[in-house]
Amino acid sequence: SLLHLYAQRAQIHRPPFQAPDAEYLQFENSFPYQETNDQLKAINDVLLDLSKDTPMDRLVCGDVGFGKTEVAMRAAFMAVQNHHQVAIIAPTTILTFQHFENFKKRFAKWPIEIRALNRFVSSKDVKETLAALKAGRVDIVIGTHRLLSKDVQFKDLGLLIVDEEQKFGVVHKERLRHMRENVDTLALSATPIPRTLNMSLV
C-alpha cells in the first residue's frame, strides 16, 4: 500500500546531494528562456529536497508549456553531478522520443551519456544500452515501460522521473512503486485533477 511505501521511505536515509556548484550554475545559465516564477519555485523546491538526507518524492503539476521538462533537466543534472544514474519514464514512445531529443540538445555541451529505450531502438542497441546501464556507463536513460522490465539493471540509480504516471497500467504502477522505494522521485503531470482536488479541499 501507499502508506507502507511512505513509512518505508521515511526510514531511508541517503547522503544529501552536494550544493549547486559553478558547473550547475553554468547549466542553469544556458537555459535559453526566462524562467517563470512558478518554474523557479519548483526548481528551488527540488533542490531543497535533494539537499536533505531522505529521498525526494515530489509532484510537479503544470499545463503543457509550463516548463516541467526544465525542472526535470536540472534535477537530472544534479543527480549526475552527484554520481547517480537517472531514469526517465513516459507512457508513450512519442513522448520518450521528444524527451530524448530535448535532453540531448539541452545537455549537448556536457559529457553526459544519454540513451533511449523504446520500440524505435534496435535490439542490438537495446542490448548495448542494458550492458552500459549495468556497468554505469549511461548517465541518463529515457524510455517507456520497457525500463520496468526485469532485464534493466542500474549500477547506481539515484533519480527516477515519471512523466504522466496516471497513464500507466496497474502492473506498471506497481513496478514503479517498488522502484521508488529508495530513490529520489520526481513526477511530472499536466493533468489538472490534482489541482482540482486541491481546490475543492481548500
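Predicted model: local features only at pLDDT ≥ 70, side-chain atom pairs only at ≥ 80, totals over all residues.

Student: Let me turn to the strands. In what order do the six strands stand in the sheet?

Tutor: In general, the strands of a sheet pair through backbone hydrogen bonds, and the pairing may be parallel or antiparallel. Here six strands form an open sheet in the order β1-β6-β5-β2-β4-β3, and the pairing is parallel. The strands β1 (57-61) and β3 (114-117) stand at the edges with a single partner strand each, so one side of each is left without a neighbour in the sheet. From one strand to the next, the twist averages 15 degrees.

Student: How many bridges join β1 to β6?

Tutor: Five bridges join β1 to strand β6, residues 184-189, and these two strands run parallel. To find the pairing on your screen, look for R58, which stands opposite L186 in β6. Strand β6 also holds S189, and S189 counts as buried because its relative accessibility is 6%, where buried means under 20%. Leaving aside neighbours within four places in sequence, S189 is in contact with L59, V60, C61, G62, K68, E164 and Q166.

Student: What can be said about the two faces of β4?

Tutor: In a regular strand the side chains alternate between the two faces of the sheet. Both faces of β4 are covered, with I140 and I142 buried on one side and V141 and G143 buried on the other. Four bridges join β2 to β4, and the two run parallel; in this pairing, I88 stands opposite I142 in β4. Four bridges also join β3 to β4, again running parallel, and here the bridge partner of R115 in β4 is V141.

Student: Which helices lie across or pack on these strands?

Tutor: Helix α5, residues 93-106, lies across β2 (85-89), β3, β4 (140-143) and β5 (157-163), and runs at about 155 degrees to β4. Helix α6, residues 123-135, packs on the sheet and touches β2, β3 and β4, while its direction makes about 125 degrees with that of β3.

Student: How many residues does the largest nonpolar core have, and which of them have the most contacts inside it?

Tutor: The largest nonpolar core has 56 residues, and those with the most contacts inside it are V86, F103, F107, I140, I161 and L186. Helix α4 gives the most to this core, with nine residues. As a worked case, take I140, which, leaving aside neighbours within four places in sequence, is in contact with A76, V80, V86, I88, F103, F107, I112, E113, I114 and R115.

Student: Are E70 and R74 buried or exposed?

Tutor: E70 counts as buried at 4% relative accessibility, and R74 counts as buried at 1%. These two form a salt bridge in which the closest N and O atoms are 2.7 Å apart. Both lie in helix α4, residues 68-81, four residues apart, which is about one turn of the helix.

Student: Where should I look for another salt bridge, with partly exposed partners?

Tutor: Look at D151 and R146, whose side chains meet in a salt bridge at 2.9 Å, N to O. D151 counts as partly exposed at 40% relative accessibility, and R146 is partly exposed with a relative accessible area of 23%. Finally, salt bridges that share partners join E28, E35, E70, R74 and R106 into one network.

How values were computed: Residues numbered from 1 in each chain as written. Heavy atoms only, no water. Salt bridge = Lys/Arg side-chain N within 4 Å of Asp/Glu carboxyl O. Buried < 20%, exposed > 50% of the residue type's maximum accessible area, 1.4 Å probe, protein only. Core = buried A, V, L, I, M, F, W, Y, C linked by side-chain atoms within 4.5 Å. Contact = heavy atoms within 4.5 Å. Pairing = 2+ DSSP bridges. Axes fitted to C-alpha atoms, helices over the stretch in contact; angles between N-to-C directions.
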